[in-house]
Amino acid sequence: MGVSSPRVTLLWSLLFTAVLANSLFPNQTNGGLIFPNLVDTTTEELQTGLEGALFTSCDLVKAYVARIQEVNSALHVVTEINPEALSIAAERDAERANGTTRGPLHGVPILIKGNIGTADEMNTTAGSFALLGAKLPRDSTVAAKLRKAGVIILGKTNLSQWANFRSNNSTNGWSAYGGQTKGAYFPQQDPSGSSSGSGVASSIGLALASLGSETSGSILSPSQVNNLVGIKPSVGLTSRALVIPISERQDTVGPMARTVKDAAYLLQAIVGKDIDDNYTLAQPFENPPDYVGACVYSSLRGKRIGVPRNVIVPREGDGPVLASFNTAIRTIRRAGATIVDNVNITEFALDRYLNSNASAIVLEADFFSGLPSNYLSKLVSNPNNVRNLVDVRNFTQRFPPEDYPDRDTAVWDQALDLGFNNTSPQFWAAYQENLEIAGRQGFLGILANYSLDALILPTDYSAGLPALV
């Protein structure tokens, strides 16, 4: 037989989960507790099962790894399974047996995107063979926070290579190291990107949830197409230290999960100040807000929510999306919020947002500067001796599995052709334009001028402009 289609493979995977559950937990109940379906289980369901001894964290790791092995050859979602996951799970089980738990994610398996650094036996590659075998001196701050919270980092997910910052002619979810990730909802589904593997993994229960990263849309878009809740935290809310960068001004790390509350639990675990990421030091609080506690219907009561309609430029096929969006607005209104419609950005801001190259200049110059200074220079082992963007481009163009020139290096070519970095006057002018069109004349201006608590947009229109501030 040939390789099954993703749809068939998913159906077999769901069946496999039920069979596996029966084999691991033949009665499926214990003291009235019911074994949860891994496809759509929640944090609280897993914790109930763990606390009630219906199953252990070791059992969870075995079950999730079996699910990954069932689907990965068809969907190319996970690039690394943590060889230490089972031993870490045993440690978390022992802690629980001794009456110690580290929090609501204690002993729960989570996957993380392949650009989030870990100082263990897993590779952090951003999907490139250029970084295969490279080693870090320590975990990224977000990975360290996950471990502190009791999370089992189960593995790493595939992504659009270099977080979709290499080529102008590649595909969402492709990387040289991980292959082509596919969505699970229909054959050959575009998973979107760049957090493609994290999106697909969470959508079919290859872990409770995943971490992704975003510069402009890379959490929000794959969350949308994979039927997830994705939270793109404000820049500086979560640390980017030892996460392979694109832009220090726009990069952020956030959760991708099947429910709002699960995403909130994961966000709660990774937020906070970090001396290794000075953007986090601007947080206006010492103790983060209670994101999980805010997940109640009444939280919207009395809030003023704006809809900037002129940012929505409908495209063919957008009808159902916009209908659902308007339904969501009515739901928010019923929850007690005041909807302020047509709070629009200025015509100047809209024109510059659609037609200016300032945002590209900022990303290219930040990447040129930040890749060596914020990541490559931190490596304690660098087998391919890539020290800067020129080295990475040379490796990519010369190493056949990187699929060059069929997948070009046009984004890097443009960054190198700029002729300046992110300390130059030319860069500063572009960055100030971003701040103007997204700030005073854009969304920050709207929030202030209309005394709003938040803005809402369909996902396809929500990422680009807010990313600039």
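**Reading the labels**

Reply: Gladly! Let's begin with strand β11 (residues 304–307), which pairs with β13 in the parallel sense over two bridges. In that pairing, Gly-306 has Leu-455 of β13 as its bridge partner. Please keep in mind that this is a predicted model.

Me: What makes two bridges enough to speak of pairing between β11 and β13?

Reply: The criterion is at least two bridges between the strands. β11 and β13 have two bridges, so they count as a pair.

Me: Which strands are the edges of that sheet, and what makes them edges?

Reply: The sheet is open, has three strands and runs in the order β12-β11-β13, with parallel pairing. Its edge strands are β12 (338–341) and β13 (454–455), as each pairs on one side only.

Me: How do you know that strand β10 is mostly covered?

Reply: β10 spans residues 252–257, and six of its six residues are buried. Buried here stands for under 20% relative accessible area.

Me: Which strands does β10 pair with, and in what sense?

Reply: Strand β8 (residues 210–214) runs antiparallel to β10 and is joined to it by five bridges. Here Gly-212 stands opposite Gly-254. Strand β9 (residues 229–230) also pairs with β10 in the antiparallel sense, over two bridges. Val-229 stands opposite Ala-257 there.

Me: Why is Val-229 called partly exposed?

Reply: Its relative accessible area is 22%. Buried would need under 20% and exposed over 50%, so Val-229, at 22%, falls in between. This β9 residue still has contacts beyond its neighbours within four places in sequence, among them Ser-223, Pro-255, Met-256, Thr-259 and Ala-263. The C-alpha atoms of Val-229 and Arg-258 are separated by 5.7 Å, with the two residues 29 apart along the chain.

Me: And why does Thr-43 count as buried?

Reply: Thr-43 has 1% relative accessibility, and the cut-off is under 20%. This residue lies in helix α2 (residues 43–51). Beyond four places in sequence, it is in contact with Pro-104, Leu-105, Leu-208, Asp-262 and Tyr-265.

Me: What makes the link between the side chains of Thr-43 and Asp-262 a polar contact?

Reply: The distance is 2.7 Å, side chain to side chain, and the limit for a pair of N or O atoms is within 3.5 Å. One atom must also be able to donate a hydrogen and the other to accept it.

Me: Why is helix α9 described as largely enclosed?

Reply: Eight of the 11 residues of α9 (residues 260–270) are buried, so the rest of the structure largely encloses it. The buried residues include Asp-262, Tyr-265, Leu-266 and Ile-270. Their cover includes α2, β4 (109–113), α5 (141–148), β8, β9 and β10. Just after α9, Gly-272 takes a positive phi of about 135°.

Conventions:
Residues numbered from 1 in each chain as written. Predicted model: local features only at pLDDT ≥ 70, side-chain atom pairs only at ≥ 80, totals over all residues. Heavy atoms only, no water. Buried < 20%, exposed > 50% of the residue type's maximum accessible area, 1.4 Å probe, protein only. Helix = DSSP H or I, 4+ residues; strand = E, 2+ residues; numbered from the N terminus. Contact = heavy atoms within 4.5 Å.
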